[in-house]
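Here are some notes on the model, for use while you have it open. They are grouped by region.

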Amino acid sequence: MTDLSSPAPRALPDDIATALSRVASRLGSIGRDVLWYRDIPSTNDVAGRLADGGANEGALVLADMQTAGRGRLGRIWVSPPGAGIYASIVLRPGPSVVKLLTLAAGVAVAEGIATASGLEVELKWPNDVHCGGRKLAGILAERGSTHVVLGFGINVLRAVYPADVRVRATSIELELGRPVDRALVLSECLASLASRYRELGDGRADAVMSAWRRRAASMLGRRVEWDGPGVVQRGVAERVDDDGALIVRTESGPMRVISGEVRWVL
Ligand code: BTN
């Protein structure tokens with residue numbers, strides 16, 4: 001597996017190699033092929049090129065830092081060196097799996113963080129991982145014609161973030177007030193992702209949705225607003241349906257929000 005348009009991958013750091021080998025029996029195809037970079041613009045870009053070139057399902061791209069990390073909705077994902085997990089996986093899911101893939105990934109990242117560090121985190125629709133009202137991790141799924149690149153970023157260690165990020169973001173280390181093993185967080189997130197992905201493939205979406213609802217419980221019943229076509233819509237977040245859409249009670253009746261972002265109104 002080569003990617004000639006990126007700098008050459010480096011040897012996988014020992015702590016990450018060891019952590020991945022400890023969970024190898026739980027990973028399925030995820031991480032059978034792994035590329036590690038010191039710095040690249042975006043792991044999603046590299047994984048996308050690999051997927052276009054025929055990379056196997058589960059091929060994993062990791063970087064110590066990203067110089068042009070992307071978030072959802074055209075945002076930047078600040079990716080300082082050594083401080084976070086920047087990971088992208090090539091998946092080739094069937095149509096029934098695709099629609100719930102990002103929710104499953106949110107569950108997996110939340111579970112991986114909790115297992116590896118003991119920090120209990122919450123999910124905010126559709127798949128942001130929060131702690132104490134601040135964002136800790138996010139998922140960016142990008143679809144190609146025959147694949148999905150599933151990228152996730154987790155703020156693990158304290159780092160210097162720009163002021164606008166600092167007010168809305170946190171890290172596992174900041175929340176716990178003690179050092180955290182980045183390699184363990186990565187390996188547990190991947191193991192949980194493999195398990196949740198398998199559940200979707202086996203037609204057990206209900207298990208994924210119940211796990212998602214448990215972790216998002218504090219979000220439901222809260223007032224939200226979002227940008228509708230030419231107008232700001234407001235209502236109360238009621239539930240997430242089986243297709244992953246957010247159902248919001250508004251003055252004009254229930255509305256289904258299928259993409260984008262909702263803002264929490266205090
Ligand atoms: C979000 O906006 O919440 C999604 C953030 C996704 C960030 C990750 S970091 C690894 C991968 N590469 C990217 O450029 N983005 C994703």
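This is a predicted model: local features need pLDDT of at least 70, side-chain atom pairs count only at pLDDT 80 or more; totals for chains, interfaces and linings use all residues.

1. Strand S8 covers residues 223–228 and strand S9 covers residues 231–240; the two run antiparallel and are joined by six bridges. Within this pairing, Val 224 has Gly 235 of S9 as its bridge partner.

2. S8 and S9 make a hairpin, with two residues between the strands. Gly 230 sits in the turn and has a positive phi of about 75 degrees.

3. S8 also pairs with strand S12 (residues 263–264), again antiparallel, through two bridges. Here Glu 225 has Arg 263 of S12 as its bridge partner.

4. Ser 42 belongs to the loop between strand S1 (34–40) and helix H2 (43–52). Is Ser 42 buried or exposed? Its relative accessibility is 2%, so Ser 42 counts as buried. Apart from neighbours within four places in sequence, Ser 42 is in contact with Gln 66, Ala 68 and Arg 70.

5. Ile 89 is part of strand S3, which spans residues 84–91. Ile 89 counts as buried because its relative accessibility is 0%, the cut-off for buried being under 20%.

6. Which residues does Ile 89 touch, not counting those up to four places away in sequence? They are Ile 30, Gly 58, Ala 59, Leu 60, Val 148, Val 149, Leu 150, Phe 152, Leu 190 and Leu 193. As for Thr 146, it is 57 residues from Ile 89 in sequence, and the C-alpha to C-alpha separation of the two is 14 Å.

Conventions: Residues are numbered from 1 along each chain as its sequence is written. Side-chain values use heavy atoms; hydrogens and water are left out. Two strands pair if DSSP finds at least two bridges between them. Helices (H or I, at least four residues) and strands (E, at least two) are DSSP runs, numbered from the N terminus. Buried means under 20% relative accessible area, exposed over 50%, partly exposed in between (1.4 Å probe, protein chains only). Contact means heavy atoms within 4.5 Å.
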